[in-house]
Every structure is written in structure tokens, then in C-alpha cells.
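Subject: The structure I promised you

Hi,

Here is the structure we talked about.

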Amino acid sequence: MKNRIEEIRNRKGIRQEEFARLMGVSRQTISSLENGRYNPSIMLAYKIAKYFEMTIEEVFIFEED
């Protein structure tokens, strides 16, 4: 699953460390999410989307095989 977290986070001027703290996860988790190495739980995906005032579908791009 791809996502736009890094793009949106950078546009809002938020550092990975700060965003991780706000989401209650480690900076490494945010890095892994942004690099597509980790898929978030539905709760984390919802929390991220809510923080950005977007829908989950606007932040995360689901690609079927």
C-alpha cells in the first residue's frame, strides 16, 4: 500500500519526530510508513488521516494485485 504521508507532512512543515510523537509511535515507524515498508493498523491510519483532516483514502493508496 502506498501513501502520501511524507508529502502531506512536509507540506505542513512537520518533522518526522514531531509527527511520531503526535501519533504515539516511534520515528522509525513513521519512516517505515513513508517508505512503504510498513502498513499501519486501521486505528493508526484513521488517526493519521484525522490529524491531516483528510479521509483515509486521500492519505493511503490501495493498489490491488
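This is a predicted model: local features need pLDDT of at least 70, side-chain atom pairs count only at pLDDT 80 or more; totals for chains, interfaces and linings use all residues.

Serine 31 has a relative accessible area of 14%, so it counts as buried, the cut-off being under 20%. You'll find serine 31 in helix α3. Leaving out residues up to four places away in sequence, serine 31 touches Gln16 and Arg37.

Helix α3

Six of the eight residues of α3 are buried, so the helix is mostly covered. These are Thr29, Ile30, Ser31, Ser32, Leu33 and Glu34. They pack against β1 (2-3), α1, α2 and α4. Just after α3 comes glycine 36, which takes a positive phi of about 75 degrees.

Where α2 meets α3

Now look at how helix α2 (residues 16-23) sits against helix α3 (residues 27-34). Their axes come within 8 Å and cross at roughly 105 degrees. That angle makes α2 roughly perpendicular to α3. On the α2 side, the contact is made by Gln16, Glu17, Phe19 and Ala20, and on the α3 side by Arg27, Ile30, Ser31 and Glu34. Sorted by type, the residues of this contact are three nonpolar, two polar and three charged.

Which residues of α2 are buried? They are Gln16, Phe19, Ala20 and Met23. These residues cover an arc of only 100 degrees around the axis, so they sit on the same side of α2. Just after α2, glycine 24 takes a positive phi of about 75 degrees.

Helix α4 and what follows

Just after α4 you'll come to glutamate 53, with a positive phi of about 55 degrees. Have a look at this one, as the positive value is in a residue other than glycine. Glutamate 53 is found in the loop between α4 and α5 (56-59). With a relative accessible area of 73%, glutamate 53 is exposed.

Next, the inside. In soluble globular proteins, nonpolar side chains tend to be buried together. In this model, the largest nonpolar core has 15 residues, and the ones touching the most other members are Ile5, Phe19, Leu33, Ile48, Phe52, Val59 and Phe60. The elements that give two or more residues to this core are α1, α2, α3 and α4. Which of them gives the largest share of this core? That is α4, with four residues.

Isoleucine 5 is buried, because its relative accessibility is 0%. Leaving aside its neighbours within four places in sequence, isoleucine 5 is in contact with Phe19, Leu33, Glu34, Ile48, Phe52, Val59 and Phe60. Isoleucine 5 and alanine 49 are 44 residues apart along the chain, with 9.1 Å between their C-alpha atoms.

Then try valine 59. Again not counting residues up to four places away in sequence, valine 59 touches Lys2, Asn3, Arg4, Ile5, Ile8, Ile48, Ala49, Phe52 and Met54.

One last residue

Is phenylalanine 62 buried or exposed? It is exposed, with a relative accessible area of 63%. Phenylalanine 62 lies in the segment after β2 (60-61). How many residues apart in sequence are phenylalanine 62 and asparagine 3? They are 59 residues apart in sequence and 8.4 Å apart in space, C-alpha to C-alpha.

Happy exploring!

Technical notes. Residues are numbered from 1 along each chain as its sequence is written. Side-chain values use heavy atoms; hydrogens and water are left out. Axes are lines fitted to C-alpha atoms, for helices over the stretch in contact, and angles run from 0 to 180 degrees between N-to-C directions. Angles under 35 degrees count as roughly parallel, over 145 as roughly antiparallel, 65 to 115 as roughly perpendicular and the rest as oblique. Contact means heavy atoms within 4.5 Å. Ala, Val, Leu, Ile, Met, Phe, Trp, Tyr, Cys and Pro count as nonpolar, Asp, Glu, Lys and Arg as charged, and the others, Gly among them, as polar. Buried means under 20% relative accessible area, exposed over 50%, partly exposed in between (1.4 Å probe, protein chains only). The arc is that of the directions from the helix axis to the C-beta atoms. A nonpolar core is a set of buried Ala, Val, Leu, Ile, Met, Phe, Trp, Tyr and Cys residues joined through side-chain atoms within 4.5 Å.
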